[in-house]
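Subject: Handover of a structure, with notes

Dear colleague,

My notes on it follow.

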Amino acid sequence: MQFRYLDTPIGRLLLAGDELGLHLIGLPQGKAISLPTDWRHDDAACGVAATQLDEYFAGQRRVFDLELRPTGTEFQLAVLGALQNIPYGQTCTYSDIAKVIHRPRAVRAVGAANGRNPLPIVIPCHRVIGADGSLTGFGGGLPAKQWLLAHELGSDLFG
């Protein structure tokens, strides 16, 4: 696995991947990631992902076109799949995602799976908000979630 860092308006992201695709985006305020000793730093790694993320942060990209390699249980992968269908500039609730994956009573489990998203921003977990319309947890911290939503919605509704 190769990795690099990318400076963005929400801080420095860790990007990790291999020839099969992008495996991980680490957020600056997220859980500490211990890099395995066999991972290799390469400033050219994940170049397509870095370019597309730069375009996203510059307001020039709304949809990512990347080979993604998230890991997780069957349930977690179902949640990640549903998250990928939330359009740019729109939000939904954990309950909405639970219904999409045909597990309407699994709202808390959806929240937990959302929180374990290994590819935030590209798999847009930041677009999931509380049932009352409030911002809820985000692995990169609520200020980053607020920035991402304001960036996409063109306003600071959550500020």
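The search for salt bridges (a side-chain nitrogen of Lys or Arg within 4 Å of a carboxyl oxygen of Asp or Glu) gives a count of five. The model is a predicted one, in which local features need pLDDT of at least 70 and side-chain atom pairs count only at pLDDT 80 or more, while totals for chains, interfaces and linings use all residues. Residues are numbered from 1 along each chain as its sequence is written, and side-chain values use heavy atoms, with hydrogens and water left out.

Salt bridges

One of the five salt bridges joins Arg-12 to Asp-7, with the closest N and O atoms 3.3 Å apart. For exposure I use relative accessible area: buried means under 20%, exposed over 50%, and partly exposed in between (1.4 Å probe, protein chains only). Arg-12 is partly exposed because its relative accessible area is 48%, whereas Asp-7, at 58%, counts as exposed.

A further salt bridge is formed by the side chains of Arg-40 and Asp-42, at 3.8 Å from N to O. Arg-40 has a relative accessibility of 44% and therefore counts as partly exposed; Asp-42 is also partly exposed, at 22%. The side chains of Arg-69 and Glu-67 meet in a salt bridge as well, at 3.7 Å from N to O. Here Arg-69 is partly exposed, with 33%, and Glu-67 is exposed, with 52%.

Arg-4 belongs to strand 1 (residues 2-8); helices (H or I, at least four residues) and strands (E, at least two) are DSSP runs, numbered from the N terminus.

Six aromatic pairs are found in a search of the whole structure. Rings of Phe, Tyr and Trp (its six-membered ring) pair if their centres lie within 6.5 Å; planes under 30 degrees apart count as stacked, over 60 as edge-to-face and the rest as tilted. Phe-3 and Tyr-5 form an edge-to-face pair because their planes stand at 85°, with the ring centres 5.9 Å apart. Phe-3 is buried, at 8%, while Tyr-5 is partly exposed, at 32%. By contrast, the pair of Tyr-56 and Phe-64 is tilted, with 5.6 Å between centres and 40° between planes. Tyr-56 is buried, with 0% relative accessibility, and Phe-64 is buried too, with 16%. Ring pairs also link Tyr-56 and Phe-64 with Phe-57, Tyr-88 and Trp-147 into a cluster.

Ile-33 is in the loop between strand 3 (21-26) and strand 4 (40-41) and is partly exposed, at 40%.

Loop residues

Pro-124 lies in the loop between helix 4 (107-115) and strand 6 (128-129) and is buried, at 3%. Its C-alpha atom is 9.6 Å from that of Thr-91, 33 residues away along the chain. Ile-123 is found in the loop between helix 4 and strand 6 and is buried at 0%.

Most residues other than glycine have a negative phi. Ile-121 is not a glycine but has a positive phi of about 75°, and at 0% it is buried. His-102 likewise has a positive phi, of about 65°; His-102 sits in the loop between helix 3 (94-100) and helix 4 and is exposed, at 69%.

With kind regards
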